[in-house]
Amino acid sequence: MHTRGPGGAGPPTIGGMDERLRQRAAIVALLRLPKVSWPEIAAVVIERGDALGPLAERLDDDGALFTLDASPEALLDSAAADLARWMAEGIGVHACLDDSYPEQLRDIHQVPPVVFTRGQLATDRRAVAVVGTRQPTPQGISTAETIARHLAEAGVTVVSGLAAGIDTAAHTAALQAGGRTVAVIGTGINRSYPAGNAELQHRIAAEGLVLSQFWPDAPPTKTSFPMRNAVMSGYAAATVVVEAAYRSGARTQARLALEHGRPVVLPRQLLTHDWARDYAQRPGVHVVDDVDDLLATVEGLAEQMVPGPEALRGLAHLTTT
Amino acid sequence: MGSPTSPPPDPNQAAQEQFNIQRNWLLNLLPPSRTVCPICRGARDPDYPRCYACNQAYRRSGGILADAVAPISYSPDDGQHYHQLRVYKSPTSPNQLAHFRLAVLYTLFYNNHRPCLQLGAGGAFTHVATVPSTRARAGIHPLQQIIQVAHSALPLIAATANPAYGNAREFARDRFHVPPFTAGPSSPRVLLLEDLWVTGARAQSMAHALKETGAAAVVVVALGRQVNHGHPPSRPLLDTARHTPFDLNRCAIDDLSF
């Protein structure tokens, strides 16, 4: 597994900030401006390969300078101080232009401009999200554990959301099998929700990775969990839904994964739900009969995840002239 | 994943899969109507023959514009297609998945619609072009890579942008400079590929420059026709487009008569 260190560029030296730190600070400064859309900030910064230009333009555009009473340099210095404080707390901070940023998150339209992490970063190209209800049946728990254990034993990273129920079962089984697990959480990285999972969160940070798209001290809100599901879908090569009713975060994630072009895997027993039967008709949805079938399907899906330049050139023979 | 002995993935199958999955968000263009612009298929005021931007380009160009415009899909500005059309061309972090998906979409679209695109041009294409970027970048633009992969036998026109216009979204006759057609066929017919059609000002300015330089015909294919999802006149358009699953066999040019 290819691993990367925490994404720090050393402590900031205000005034003599290096280019990467200036870019990262500009992204934080953009997010601090009033009335900004976070995914729009991320998209424009990635599209341009630059955050300093968009920051200057935004300050020019809406006269934000006057209301904020701060120069671009002052905003950058303040953002750099935030970055230094977070890193001093042991938090990894990865902005969408950083090499350490999980690149698969740039695939999705809810791309987070910055992610905060505790634990060990890895490319996690072979990563599968295992999600489901917070009120599972014993059968659901057992299915989640079996899937997570088999994925972990096959060297696949088990991604989940650190919620009660299926998420907890999946993370725990992956850890017990000695595999890698990643928790994409719906609060800031300094918080735990539910509180009862604080210890599990700590263990995942020690043995795997905890990742959050929210400011480090952000509390959970009604919208933070579905936003987290979008990022979880983006982080993983595919999403497996284990037990989920019509109104559930897991079903939300299945919808988001399809919106992103990430495959969704549904165990056949889930087709007792109308929503699951409807989803089963859509492109990118795979219904599996058992764990062997699931593993085989997931292997194939992770394989096609990132087509390289040779794949692009390979299209030449498709054109009829 | 996979063991070292497993066969390499079949490129045709990978392409087909990456096309299929995009059907979750691709949206066919609506045919021209009282509320749909006959050129770009965006929303229009029924009191005018075209949408505001297409009308402006028409007046300023003296009618010397692309002969046909074929956007492949609507691209709502809160959706995945729109996102891909932005991140595939990042100069620092180009998104390979988006690039591959867009290349697949273009290639399969061209394969399916070559006869009608040629009908729009009055014959087989002799050249391909993209709209020159106003921002400097190192190396070949990812959109040029797409068009070169799909049309390796056709020369790519090396046009340049007039820096006076920056990123303005307005038609201008002298916005792009096209080098003269040399030693080629007497009636050059150009396939012009645009990634995201917002107002069409850039694509139509380029079509105009191509024709002024001697192109007999220009057909524009746009990978996406941007739609502002919060713009009230565009909402019914999106609602209607979302009623029907995406069908690659439907093409904007099919709806027009020549």
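## Close-up views of a predicted two-chain model

Chain A is divided into domain 1 (11-92) and domain 2 (127-315), with bounds that come from an automatic or database domain assignment. This is a predicted model, in which local features need pLDDT of at least 70 and side-chain atom pairs count only at pLDDT 80 or more, while totals for chains, interfaces and linings use all residues. Residues are numbered from 1 along each chain as its sequence is written, chains are lettered from A and ligands numbered from 1 in the order in which they are written, and side-chain values use heavy atoms, with hydrogens and water left out.

**View 1. The two domains of chain A and the contact between them.** The C-alpha centres of domain 1 of chain A and domain 2 of chain A lie 32 Å apart. Seven residues from domain 1 of chain A and five residues from domain 2 of chain A take part in the contact, where contact means heavy atoms within 4.5 Å. Between them the two domains of chain A bury about 510 Å², 73% of it on carbon and sulfur atoms; buried area is the accessible area (1.4 Å probe) that two parts lose on being put together, summed over both. On the domain 1 side, Trp38(A), Trp86(A) and Ile91(A) lose the most area to domain 2 of chain A, together 68% of what that side buries. Across this interface the rule finds zero salt bridges, a salt bridge being a side-chain nitrogen of Lys or Arg within 4 Å of a carboxyl oxygen of Asp or Glu.

**View 2. The largest nonpolar core, seen around Leu266(A).** A nonpolar core is a set of buried Ala, Val, Leu, Ile, Met, Phe, Trp, Tyr and Cys residues joined through side-chain atoms within 4.5 Å, where buried means under 20% relative accessible area, exposed over 50%, and partly exposed in between (1.4 Å probe, protein chains only). Of the 119 residues in the largest such core, Val241(A) and Leu266(A) touch the most other members. Helix α4 (residues 96-121) of chain B gives the most to this core, with 13 residues; helices (H or I, at least four residues) and strands (E, at least two) are DSSP runs, numbered from the N terminus. Because domain 1 (11-92) and domain 2 (127-315) of chain A both give residues to this core, the core lies between them. Leaving aside its neighbours within four places in sequence, Leu266(A) is in contact with residues including Val241(A), Trp275(A), Tyr279(A), His286(A) and Val288(A).

View 3. Among the buried residues of α7(A) are Ile166(A), Asp167(A), His171(A) and Leu175(A). Their cover includes β5 (127-132), α6 (138-153), β6 (157-160), β7 (181-185), α8 (198-207) and β9 (238-242) of chain A. Gly178(A), whose phi is positive, near 75 degrees, follows α7(A).

View 4. Glu47(A) forms one with Arg86(B), the closest N and O atoms being 2.8 Å apart, and another with Lys89(B), where the closest N and O atoms are 3.9 Å apart. Since Glu47(A) lies in helix α2 (residues 38-48) of chain A and Lys89(B) in the loop between α3 (80-87) and α4 of chain B, the pair joins two chains. Glu47(A) is partly exposed, with a relative accessible area of 23%, whereas Lys89(B) is buried, at 16%.

View 5. Arg85(A) forms a salt bridge with Asp82(A), the closest N and O atoms being 3.1 Å apart. Arg85(A) is partly exposed, with a relative accessible area of 40%, while Asp82(A) counts as buried at 11%. In helix α8 of chain A, Arg203(A) and Glu207(A) lie four residues apart, about one turn of the helix, and their side chains meet in a salt bridge (3.0 Å, N to O).
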